[in-house]
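I am new to it and would like the terms defined along the way.

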Amino acid sequence: MSENHYDLIVLGAGSAARDGAARAARQHGAKVALIERERWGGSCPNVACRPTKAYLVAAELAHDVRRHAVERGIDLPEPTIDLARTRAWKDSLRRSQESWIELLTNAGYAIFPGGASFVDEHTVRVGERELSADKVLVATGGRTAVPPIPGIEDIDWIDHISALELEQVPDSLLVIGAGPVGLEFAQIFARFGSRVTIVNHGPQIAARADAEAAAELQQVLEEEDIEVVLNGEVESLSRVGGNIRAALGSRALTVSHVLLASGRTPNVDELRLDRIGVEVTRGGIVVDDRQRTSVPGIWAAGDVALGPMFTPTAQYQARIAVEDMFGENGRHANYAVLPTAIFTDPELGSVGLTEAEAQEQGFDVDVVKHPLSAVTRAQLTGSTRGLYKIVFSRENRRVLGVHVVARGASDIVGALAVALQLGATVDDLALVHHIYPSLSEGLKAAAEQALAH
């Protein structure tokens, strides 16, 4: 067998790629090659999840000092942000590219830097070299989608990657898109001192979230002087001196920076998937519930594939793909109980169905809610906005979804995934023991209201 032949070639080195490679090598003894064009380790640890959360932590600390220090008897000067130092701290939390290469090499993978393209279904070219494999996992991730706004090619826009490299806080910032990335960066820079406007094409921020939870979060952002424009459209962008002019219908807005956060584009351009007949749509590579593409022997996982775009789901998809490649009776992808979170302050955490989704699926829906402001732990932190919402079936009392707007919401909904998977009822949530004073007790308080329903 040729030294350039592998049991598995993995295109990419991010969350899906690394998890898939590890499963194949450790559990199935596969000889694995990893090909990476740009960023060993992928987006999450380098330019997305981890560094973004570092900025969120810094912004939250500045906010808390500014808002609560005096009332709590702590005498501190007004906090200011030295963004270059914040950036240096953020960078100190990251593994270097050299360290990533060493880690992956020590794991036993063959490492090939460069862009990959398919020669045929079992052969991949990287640089001047051709590698072959029985199986291929495409996990090349995605990148910021650039909306077709007239004039956008004439301005220096930023995205979640370049925003983390700024050394000065923008004087003013227009955020295009109100999904998780847009909302998190809007609050980060508003708390750092920027004047921030969010423009969203749809009628609701956090479009996939429960409508009431999204509205509650929007009120928090607006109370922090972040302007939110819904059903809006940026009709054109142009340079005006050192600033950028955005036309929003009859209104013109002048800002120092524009941040794109309105969608993602799969990294498929260089792969030459058309050469081998892999089906691709605008949203990514088409896969079935075992992550199989339209071509036998090729699987896809993570942001490059159609489906939820989260780090845990990328890992989940890669494991399903590897089980399908090397094992028997593998799992099928199932997102019925998928916990998600937007890491604003407060967080918006969700698991299961929104109220609207439950109604659309034909359930006889009932809902109970409890305000965050009535929870003792929230009162201690001065939290006035937030809620706990439980969506359940009138017929069998089964919990269909839980939506929380609070600090720690990600931990609350994440811990509920098993309960929903096992068919917990709203009565179970009402009657089980909870901790006082904790943020999770708001969930019990909401559930208790259902006992009278």
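The lining of the second largest pocket consists of 7 nonpolar, 2 polar and 2 charged residues; here Ala, Val, Leu, Ile, Met, Phe, Trp, Tyr, Cys and Pro count as nonpolar, Asp, Glu, Lys and Arg as charged, and the others, Gly among them, as polar. The model is predicted, so local features need pLDDT of at least 70 and side-chain atom pairs count only at pLDDT 80 or more, while totals for chains, interfaces and linings use all residues. Residues are numbered from 1 along each chain as its sequence is written, and side-chain values use heavy atoms, with hydrogens and water left out.

A pocket is an open set of points on a 1 Å grid over the protein atoms alone, where a 1.4 Å probe fits and protein lies on both sides within 12 Å along at least five of seven lines; lining residues have an atom within 4 Å of a point. The volume of the second largest pocket is about 290 Å³, meaning the space filled by probe spheres set on the points, which are joined across faces, edges and corners. Among its lining residues are Ala58, Leu61, Pro79, Asp82, Arg85 and Trp89. Helix 3 (49-68) and helix 4 (83-92) each contribute at least two lining residues, and helix 3 gives the largest share, with 4 residues. Helices (H or I, at least four residues) and strands (E, at least two) are DSSP runs, numbered from the N terminus.

Another pair of helices comes next. Helix 1 (residues 15-28) and helix 9 (residues 311-326) have axes that come within 8 Å and cross at roughly 35°. Such axes are lines fitted to C-alpha atoms, for helices over the stretch in contact, and angles run from 0 to 180 degrees between N-to-C directions. Contact means heavy atoms within 4.5 Å. Residues that make this contact include Ser15, Asp19 and Arg23 of helix 1 and Thr311, Gln315 and Phe326 of helix 9. The contact residues divide into 6 nonpolar, 5 polar and 3 charged.

An open sheet of 3 strands has the order 11-12-13 and antiparallel pairing; two strands pair if DSSP finds at least two bridges between them. Strand 11 and strand 13 are at the edges with a single partner strand each, so one side of each has no neighbour in the sheet. Neighbouring strands are turned by 25° against each other on average, direction ignored.

Strand 11 (residues 236-240) and strand 12 (residues 243-248) are joined by 5 bridges, and arginine 239 has isoleucine 244 as its bridge partner. These two strands form a hairpin with 2 residues between them, and glycine 241 in the turn has a positive phi of about 65°. Strand 12 is also joined by 5 bridges to strand 13 (residues 251-255), where alanine 247 stands opposite alanine 252. This second hairpin also has 2 residues between its strands, with glycine 249 at a positive phi near 65°.

A further open sheet holds 4 strands in the order 10-9-8-14, with parallel pairing. Its edge strands, strand 10 (227-229) and strand 14 (257-260), each pair on one side only. The twist averages 20° from one strand to the next. Strand 8 (residues 172-176) is joined to strand 14 by 4 bridges, and valine 175 stands opposite leucine 259. Helix 7 (residues 180-192) packs on this sheet and touches strand 8, strand 9 (195-199) and strand 14; the direction of helix 7 makes about 165° with that of strand 9.
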